[in-house]
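Hi everyone, thanks for making time for this.

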Amino acid sequence: MTAVAGAAPTWHVVDGEGRDVSTGRPPRGPGQPSPASALAATPVPAWPLAVVSRHGRLSVAGALGPGGDRVQHLLGALDAGSPFAAHGDVETMARAAPAGRIDLPLAIVALPAGVEAAMRVEPEWLAAVDRRRTACRQHLVTAGREDDMEAALHVAMLMATGHLDPDDDTDVDAHVASGARLWLLAGAVVSALSGVDPDPFDGWARLIAAGWWPVGPSDGRLVVSASSPAFGR
Amino acid sequence: MTPAPFAGEVVDEAAAHALGEDYVRAVGKVVISHVRNELAGAAAFDEPAIALAPGPKEKWLACRIAMEEYGHHLKFQRLASELEIGDTSGGRALSVFDYQLSSWTEFVVLKALVDLAEVVLMEELLTTSYLPLRNLVVKLLPEEHFHVSFGKAHTREMVKDLTTAPLVQDAVDDLVRFTVPFFGRSVSANNETFRHWGVKHRTNDEARGEWVGRCRDFVEDELGLRFPEVDPHWNG
């Protein structure tokens with residue numbers, strides 16, 4: 001990059017090697033006016049990411065501001081995708097649901113049963129999760145952090161494009177699971193960035209990163225589903 | 001522009017630039033139209049549909065579809081970036097995206113009919129002269145086909161219900177009218193350039209006629225509803 005005295009710095013998104021993620025080359029040319037806008041403009045999924053200007057380098061956490069470290073941790077876990085091996089871990093995370101702890105009997109099911117359960121998930125509970133999502137979003141908007149939020153969601157959706165993509169483009173069940181996980185992931189990203197403590201989406205975000213689909217309370221059970229026909233084999 | 005239509009294949013962005021800026025501009029216009037329209041579709045229809053969905057399963061499917069349309073936008077954007085087209089954010093999306101989505105019924109009919117228009121345009125690009133565009137479309141078409149099949153399946157269910165069948169008919173009437181301009185004007189200098197360079201092979205009217213035929217088959221034969229009169233010629 002060429003330093004121009006007096007000019008405002010512009011920002012580029014780079015990969016772990018410092019290459020512009022769009023071109024694979026060192027950053028050049030005009031960038032974006034802020035770290036968040038640089039993240040929001042990147043068209044390519046890559047992890048890890050950083051943003052650079054002539055003044056230096058920021059991690060995703062630094063670029064997003066307060067709560068950015070939690071978003072970075074979440075997306076790092078999504079990228080790593082290491083499944084929980086122990087049933088107990090899944091249970092602990094599943095019970096820490098976004099709208100409060102759920103003490104119903106746990107049912108870990110295959111994908112078709114997960115879709116069946118999703119069709120009968122308790123509507124009041126789903127509405128409560130939706131309200132949590134909306135509250136976190138509203139908190140960020142009120143705090144003047146809409147750009148940070150859009151940047152975080154953009155990077156999350158970029159990564160989800162690959163990580164949550166159904167293997168089979170005709171498999172309706174896998175699309176349902178993927179859509180549900182996207183909805184929860186977007187909620188988790190906004191919640192993490194909002195700084196709410198404890199983070200109500202943390203447990204389920206970790207389940208999603210590990211490849212599970214936490215469905216919710218359905219027919220008197222707390223249902224956690226495989227996210228694809230092949231998951232867990 | 002050479003006198004005879006270009007009949008070759010262009011393997012990458014370097015070959016495109018070697019062929020000349022007229023070729024790059026022609027490919028660029030097609031790519032940029034998809035960059036804009038995939039994003040506009042996700043924002044105008046798919047994201048709002050998440051809130052309109054009648055149940056969790058439909059909600060999750062709408063999420064997934066919104067994600068895929070946004071993913072398509074990103075992939076076309078990357079192609080534009082590789083071709084060094086420059087800013088893709090200017091201009092406006094097509095008029096079909098002015099449609100005000102207000103119900104789940106409209107959304108599923110929209111997926112069946114409007115996404116079929118996108119399929120018709122993408123299928124034509126399976127023989128485009130610019131191979132990176134052709135290869136991208138090969139990857140994206142299965143997802144677009146899924147969106148249409150989703151729309152058709154849910155529309156078939158709704159038309160079985162006497163209370164929702166009239167709403168389906170209303171949506172068909174409105175959406176067909178909104179989608180006719182999607183294919184461009186009958187007299188189009190852009191389309192002539194696209195065909196000259198082998199980026200596309202059909203006139204706008206031929207593509208529109210293909211879409212009308214497939215939509216009519218679905219609406220009349222499968223749904224048993226009335227398909228509105230459509231003039232395959234459109235000049236704004």
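Let's begin with burial in chain B: buried residues make up 47% of its 236 residues. Before I go on, please keep in mind that this is a predicted model.

What is chain B built from? Its secondary structure comes to 8 helices and 0 strands. If you read along the sequence, the pattern is α-α-α-α-α-α-α-α. The radius of gyration of chain B is 18 Å, close to the 18 Å that the globule rule gives for 236 residues, so chain B is as compact as a globular protein of that length.

Now zoom in on a pair of helices in chain B. As a reminder, two packed helices are described by the angle between their axes and the distance between the axes. Here the pair is helix H4, residues 104–124, and helix H6, residues 165–179, both of chain B. Their axes come within 9 Å and cross at roughly 35°. The crossing of H4(B) past H6(B) is right-handed.

Which residues meet there? From H4(B) we have Thr105(B), Glu106(B), Val109(B), Leu110(B), Leu113(B), Val114(B) and Ala117(B). Facing them from H6(B) are Leu167(B), Val168(B), Ala171(B), Val172(B), Leu175(B), Val176(B) and Thr179(B). Sorted by class, this contact has 11 nonpolar, 2 polar and 1 charged residues.

One more stop in chain B, at Glu84(B). You'll find this residue in the loop between helix H3, residues 56–82, and H4 of chain B. Glu84(B) has a positive phi of about 55°, although it is not a glycine. Is Glu84(B) buried or exposed? Exposed, because it has 12 other C-beta atoms within 10 Å, and the cut-off for exposed is 12 or fewer.

Let's hop over to chain A by way of the interface. There, 21 residues of chain A are in contact with 18 residues of chain B. On the chain A side, the elements that give two or more residues are H5, helix H7 (146–163) and helix H8 (172–194). Which of them gives the most? That would be H8(A), with 7 residues. By class, the side of chain A that touches chain B has 14 nonpolar, 6 polar and 1 charged residues.

Chain A also has a sheet I'd like you to see. Three strands form an open sheet in the order S4-S6-S5, with mixed pairing. The edge strands are S4(A), residues 106–109, and S5(A), residues 212–218, and each of these pairs on one side only. On average, neighbouring strands of the sheet are turned by 20° against each other, direction ignored.

So what does S6(A) do with its two neighbours? With S4(A) it runs parallel, and 4 bridges join the two; Val109(A), for example, has Ser225(A) in S6(A) as its bridge partner. With S5(A), strand S6(A) runs antiparallel, and 6 bridges join that pair. Over here, Ser218(A) has Arg221(A) in S6(A) as its bridge partner. Strand S6(A) is mostly covered, with 5 of its 6 residues buried. Helix H5 of chain A, residues 111–119, lies across S4, S5 and S6 of that chain and runs at about 135° to S6(A).

Look at the turn next. S5(A) and S6(A) form a hairpin with 2 residues between them, and Asp219(A) in the turn has a positive phi of about 55°. Asp219(A) is not a glycine. This residue is exposed, with 12 other C-beta atoms within 10 Å.

The bond from Trp47(A) to Pro48(A) is cis, with omega near 5°, and Pro48(A) lies in the loop between helix H1 (35–41) and strand S2 (50–53) of chain A. The bond from Asp197(A) to Pro198(A) is cis too, with omega near 0°. You can find Pro198(A) in the loop between H8 and helix H9 (202–209) of chain A.

Definitions and conventions:
Residues numbered from 1 in each chain as written. Chains lettered and ligands numbered in written order. Predicted model: local features only at pLDDT ≥ 70, side-chain atom pairs only at ≥ 80, totals over all residues. Pairing = 2+ DSSP bridges. Axes fitted to C-alpha atoms, helices over the stretch in contact; angles between N-to-C directions. Contact = placed C-beta atoms within 7 Å. Nonpolar A, V, L, I, M, F, W, Y, C, P; charged D, E, K, R; others polar. Left-handed = near helix turned anticlockwise from the far one by under 90°. Rg over C-alpha atoms; globule rule 2.2 N^0.38 Å. Buried ≥ 20, exposed ≤ 12 C-beta atoms within 10 Å, placed from the backbone.
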